Amino acid sequence: MAAQVSPVAAVAKSDHGVGLWAQLRRATPWWAQPLAIVAVLGAFTGYSIWTAFFGPGPNHISEHANYLSPFFSPLIWKTGPVTPALWVLWAPLGFRATCYYYRKSYYRAFFWDPPACAVGELRRRGYRGESRLPMVLNNLHRFFWYPAAIVVILLWVDGFASFDDGGHLYLGLGTLILLVNAVLLSGYSLGCHAFRHAAGGGLDCYSCSQAGKARFRLWRWVTVFNGHHATWAWVSMFSVVIAEVYIRLLQAGMPDPHILVK
Ligand code: FES
């Protein structure tokens, strides 16, 4: 006969399994997370501005052989009075800056509004939420989804185009980096809360709505990505920077490990 375990012992036992992570989180001071977010988002913003406006190369474009940086794709104009990144970056950066998850992160980290769960407001001013400028602009998030999704599709095209080296099959580390970046950005965009709502929200009854079944299937599929939206948000941000830095390094003379199939 199986030994009886008291409810208290069962809780203690299960606590032991997840205990390490929980204990670590409890032992970390509340300000550590906002500080880390300020550092990472600040570095990302600083790097984006540097590469778009001050990076080396003609018109600051980050490209090498068959690779094009995600910061400059699609390359609409190569020459002109302004950096070509400007024609592209407004869409993914606007999408990211207005993302519900990032909003939570930077409201806490940058504006201390409030800085963390169970920590009171530090600001004296009244809370106005997102009802006034400039924060009201965050409501544009759902509209940013469409241009940002087009950019992600074009990044897939760039990834596949990088297999081609003058009619020969080119398998480079850069190709892999560009494709992984496209996968992670797709996971981030597909898990968007606004897209999830567009897919299956606002309906009281799927079976009585037009295309209800298809919308329900899409909503369920999007929900898989949505459940880990924060993770997709961070890993896709890092992958964009890794792809960009890698191409800058190739531009500077670093070799790209590859196999060329003739
Ligand atoms: S909520 Fe994060 S991308 Fe839409």
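G212, V222, F225 and N226 are the buried residues of α8, where buried means under 20% relative accessible area, exposed over 50%, and partly exposed in between (1.4 Å probe, protein chains only). Seen down the helix axis, these buried residues fall within an arc of 125 degrees, so they line one face of α8; the arc is that of the directions from the helix axis to the C-beta atoms. An α-helix has 3.6 residues a turn, so residues three or four places apart point the same way. On the other side of α8, K213, R217 and V224 are exposed. The buried residues pack against α6 (173-190), α7 (193-200) and α9 (229-251), with contact meaning heavy atoms within 4.5 Å.

The structure described here is a predicted model, in which local features need pLDDT of at least 70 and side-chain atom pairs count only at pLDDT 80 or more, while totals for chains, interfaces and linings use all residues. Residues are numbered from 1 along each chain as its sequence is written, and side-chain values use heavy atoms, with hydrogens and water left out. Helices (H or I, at least four residues) and strands (E, at least two) are DSSP runs, numbered from the N terminus. Helix α8 itself covers residues 212-226, and its 15 residues reach 20 Å from first C-alpha to last, close to the 21 Å expected at 1.5 Å a residue; that expected span is 1.5 Å times one less than the number of residues.

On a 1 Å grid over the protein atoms alone, a cavity is a set of points where a 1.4 Å probe fits but cannot get out, and a pocket is an open set with protein on both sides within 12 Å along at least five of seven lines; lining residues have an atom within 4 Å of a point. The largest pocket has a volume of about 590 Å³, a volume being the space filled by probe spheres set on the grid points, which are joined across faces, edges and corners. Of its 20 lining residues, R25, T28, W30, A32 and Q33 lie nearest the centre. Helices α1 (7-27), α2 (32-54) and α4 (100-109) each supply at least two residues of this lining.

The second largest pocket has a volume of about 380 Å³. It is lined by 18 residues, and L41, F44, T45, L93 and A97 are the closest to its centre. Helix α2 gives the most to this lining, with seven residues.

The structure also holds one cavity of 30 Å³ or more. About 190 Å³ of space lies in the largest cavity, and of the 16 residues that line it, P92, L93, R96, L185 and V240 are the closest to its centre. The largest share of this lining, five residues, comes from α3.

Some backbone sites are also worth a look. Most residues other than glycine have a negative phi, and most peptide bonds are trans. A cis peptide bond joins S73 and P74, with omega about 0 degrees; P74 sits in the loop between β2 (67-68) and α3. The bond from L133 to P134 is cis, with omega near 0 degrees, and P134 is placed in the loop between α4 and α5. H60, in the loop between α2 and β1 (63-64), has a positive phi near 65 degrees and counts as partly exposed at 23% relative accessibility. A211, in the loop between α7 and α8, has a positive phi near 55 degrees and counts as exposed at 51% relative accessibility.
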